[in-house]
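User: I have a model open on my screen. Can you walk me through its main features?

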Amino acid sequence: MQFQNLQVNWENIPKSGSAELKPIEKEYLKVLYISWGILYAILFMAVIAVLLLVGDVDTSWWILTMAGIAAVAIVNFIIGTGSFRRKGFAVREKDILYRTGWIFQKLHIVPFNRVQHCVVQSGPIGRRFGLASLSIYTAASNINDIAIHGLKNEDAESLKAWILEQIQPLN
């Protein structure tokens with residue numbers, strides 16, 4: 001048998017952009033804001049503790065340090081909010097798509113025949129809002145290929161069960 005590698009007609013390739021993406025829950029933005037607020041509050045307190053322990057520190061160091069942390073926090077909130085608004089996912093017959101990013105955009109597509117397992121997880125802040133994350137793992141790596149954050153708990157569990165049905169070996 002002779003080896004062949006025929007070219008595929010470009011018009012016959014399915015377009016991933018044609019899938020209608022479902023946005024994640026708007027409540028998840030509150031979870032992000034609370035998480036970031038806690039993180040930056042701890043960072044501010046740690047810097048204050050270090051500056052107090054050092055002792056005789058010039059006032060300009062205090063101002064520069066706090067202004068730097070505040071600037072990083074503001075940029076994080078702006079970029080994070082923009083990124084949140086772009087997040088979305090779609091479930092198709094043979095794969096799942098997940099779009100993320102605002103400045104650096106990514107579209108992850110994971111075919112179900114590559115999925116090994118799924119995990120639903122929820123942190124303390126997310127649980128307060130009834131939200132969870134669905135992580136999808138493939139055989140290619142030991143880290144999740146897609147982690148869809150900001151799903152309602154029941155939606156995450158339903159999607160996990162549905163995906164697991166799709167990956168069951170055919171009898």
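Below is a short exchange on this predicted model.

User: What span does helix α1 reach from its first C-alpha to its last?
Analyst: Helix α1 covers residues 27–54, which makes 28 residues. At 1.5 Å a residue, 40 Å is expected. The span in the model is close to that: 41 Å.

User: Which elements cover the buried residues of α1?
Analyst: The buried residues of α1 are Y28, L29, V31, L32, W36, Y40, V47 and L51. Both helices and strands are included in their cover. Among the covering elements are α2 (59–86), α3 (124–128), β6 (131–138) and β7 (146–152).

User: Which element gives the largest share of the largest nonpolar core?
Analyst: The largest nonpolar core has 32 residues, and I96, V115, I136, I148 and I163 have the most contacts inside it. At least two residues each come from α1, α2, β3 (95–100), β5 (115–121), β6, β7 and α4 (153–166). The largest share is eight residues, and its source is α1.

User: What does I148 contact beyond its neighbours within four places in sequence?
Analyst: I148 is one of the core residues with the most contacts inside the core. Leave aside the neighbours within four places in sequence. The contacts of I148 are then I24, F89, I96, Y98, A132, S133 and L134.

User: Which strands are the edges of the four-stranded open sheet?
Analyst: The strand order is β1-β2-β3-β4, with antiparallel pairing. An edge strand here pairs on one side only. That applies to β1 (22–23) and β4 (106–111).

User: How many residues lie between the strands of the β3 and β4 hairpin?
Analyst: Strand β3 takes part in two hairpins. The one with β2 has three residues between the strands. In the one with β4, G101 in the turn has a positive phi of about 100°. The number between β3 and β4 is five.

User: Is D95 buried or exposed?
Analyst: D95 lies in strand β3. Five of the six residues of β3 are buried, so the strand is largely enclosed by the rest of the structure. D95 touches A90, I109, V110, P111 and F112, not counting residues up to four places away in sequence. The relative accessibility of D95 is 12%, and the cut-off is under 20%, so D95 counts as buried.

User: Which side chain makes a polar contact with that of D95?
Analyst: D95 is buried at 12% relative accessibility. The side-chain contact is 2.7 Å. The partner is R92.

User: How far apart in sequence are the parts tied together by the pair of W36 and F77?
Analyst: The structure holds four aromatic pairs. W36 and F77 form an edge-to-face one, 5.2 Å centre to centre with 75° between the planes. W36 sits in α1 and F77 in α2, so the pair ties together parts whose separation in sequence is 41 residues.

Conventions. Residues numbered from 1 in each chain as written. Predicted model: local features only at pLDDT ≥ 70, side-chain atom pairs only at ≥ 80, totals over all residues. Heavy atoms only, no water. Expected span 1.5 Å × (residues − 1). Buried < 20%, exposed > 50% of the residue type's maximum accessible area, 1.4 Å probe, protein only. Contact = heavy atoms within 4.5 Å. Core = buried A, V, L, I, M, F, W, Y, C linked by side-chain atoms within 4.5 Å. Pairing = 2+ DSSP bridges. Polar contact = N/O pair within 3.5 Å; in protein donor to acceptor, adjacent residues only side chain to side chain. Phe/Tyr/Trp six-rings, centres within 6.5 Å; stacked < 30°, edge-to-face > 60°.
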